[in-house]
Amino acid sequence: MFEYIGYNSIENLKRILKSESFKNIFLITGRKSFANTKIKELIYNSLEDVEFFRFYDFTPNPKIEDIEKGLSLFQSDNYDVIIAVGGGSVIDMGKCISIFSTNKGTSESLVLKENPIMKKGVPLIRIPTTSGSGSEATHFAVVYIKNNKYSLAEPNFMQPEYVIVDPQFSYDLPKRITAYSGMDALTQAIESFWNINSTPESKNYSEKAIKLVMENLLDSVVNPDKKSRLNMAVAANYAGKAINLTKTTACHAISYPITSYFNVPHGHAVALSLPPMIDYNSNVNKDDVLDSRGVKFVKESMKELISIIGASNALKAKGVVSQLMKNIDLETKLGELGIKTDEDIDVIIKNGFNPERVKNNPRKIDENQLRMILEEIR
Ligand SMILES: [Fe+2]
């Protein structure tokens, strides 16, 4: 794998294109996040010697229709590489077009696993710009089909091949996007840490990510300097590497309907249930533990996590995370985001409570417990 992280690492893009003889490029970017920014300038400079077409006509949290639009544009010419420059949605779009263009079956049948992914996609260069999703480091992509979230995932054929993480790309990011993207990184790192699939390797990535976020997120939002931007870009990448090994847990499962039905951005939606989940998972007991390593292991893990967060007990850790959200101007209650009625809560429970998706959580959650967690943040 080619992975370049740090200031000016974008200079490696030209080098990759040359050494791999990539000449006709399918460039995927965000819309507003790309126009008139430093990102555009840096990318266009790197592409001055090659042909490229730019695709940006899609909304965040890509729907299958958007991906098919991109796929047919991709197939209309002989592109030899895809470069995805943007947040998680843009990089996920790149993964989908890359895989759909080389594998048999419709996009939908591949997402729904009616057809298996049998081979690698078109080469994909992943360039994240939001210091959040960590999507550059994972082998899965989020796809929405009719408001339902699916995961296109393949551990053998979707691992990163070319990654460039340059903190310069976060310069033009609005404060609010920096804030909720950073919370995505934190939530992912924490969910990976308490995950039933955690390993010493994944926990090491998580720990590094959590510490970097706790020390740099506030600065990167209110007073961004070179150091905090670099540290947040690195944190997001570590968090991505952590969930690449473990996947996510309850906070992500609960977030998908909050995003698809109520338009709350992904990073903000996952962070809402993070404080109560810290408390909930700390109170694991022998009757509801899901981790095969047992209740003692999970309790120890939660203690370790709480100390990494910088608190002395679960309630304090919960407070630290809520306060961090408030300090970076993110609402911590569903009501502040227009999710108010009993019906709204039912929508989240009905669509976010999928046993398949919460099975990685160390403590079992039933519908009543999920309702209690949502009531707490209502
Ligand atoms: Fe996420």
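**Strands, helices and cores**

Modeller: Let's start with strand β2 (residues 24-29) and strand β4 (residues 81-86), which run parallel and are joined by 5 bridges. The model is predicted, so to speak of a local feature we ask for pLDDT of at least 70, and for side-chain atom pairs 80 or more, while totals for chains, interfaces and linings use all residues. Residues are numbered from 1 along each chain as its sequence is written, and side-chain values use heavy atoms, leaving out hydrogens and water.

Colleague: What makes β2 and β4 a pair?

Modeller: Strands (DSSP runs of E, at least two residues, numbered from the N terminus) pair if DSSP finds at least two bridges between them. β2 and β4 have 5 bridges, so they meet that rule.

Colleague: Which sheet holds these strands, and which are its edge strands?

Modeller: It is an open sheet of 6 strands, in the order β1-β8-β5-β4-β2-β3, with parallel pairing. Its edge strands are β1 (2-5) and β3 (51-55), each of which pairs on one side only. On average, neighbouring strands are turned by 15° against each other, direction ignored. Helix α3 (residues 64-75) packs on the sheet and touches β2, β3 and β4, with its direction at about 160° to that of β3. Contact here means heavy atoms within 4.5 Å, and angles run from 0 to 180 degrees between N-to-C directions, with axes fitted to C-alpha atoms, for helices over the stretch in contact.

Colleague: What makes β6 and β7 a hairpin, and in which sense do they pair?

Modeller: Strand β6 (residues 140-145) and strand β7 (residues 148-153) pair in the antiparallel sense over 6 bridges, with 2 residues between them. Val-142 stands opposite Ser-151 in β7, and Lys-146 in the turn has a positive phi of about 45°.

Colleague: Why is α4 called largely enclosed?

Modeller: Buried means under 20% relative accessible area, exposed over 50%, and partly exposed in between (1.4 Å probe, protein chains only). In α4, 13 of the 13 residues are buried, so the rest of the structure largely encloses it. Cys-96, at 1% relative accessibility, counts as buried.

Colleague: Why is Asn-285 put in another class?

Modeller: Asn-285 has 31% relative accessibility, so it counts as partly exposed. This residue sits in the loop between α11 (274-282) and α12 (295-309). Not counting residues up to four places away in sequence, Asn-285 touches Val-295 and Arg-363.

Colleague: What makes a nonpolar core, and which residues of the largest one touch the most other members?

Modeller: A nonpolar core is a set of buried Ala, Val, Leu, Ile, Met, Phe, Trp, Tyr and Cys residues joined through side-chain atoms within 4.5 Å. The largest has 61 residues, and Met-183, Trp-194, Ile-258, Leu-274, Leu-334 and Leu-374 touch the most other members. Helix α6 (residues 175-193) gives the most to this core, with 8 residues. Another core, of 28 residues, lies apart from it and includes Tyr-79, Ala-84, Val-90 and Ile-117.

Definitions and conventions
Helices (H or I, at least four residues) and strands (E, at least two) are DSSP runs, numbered from the N terminus.
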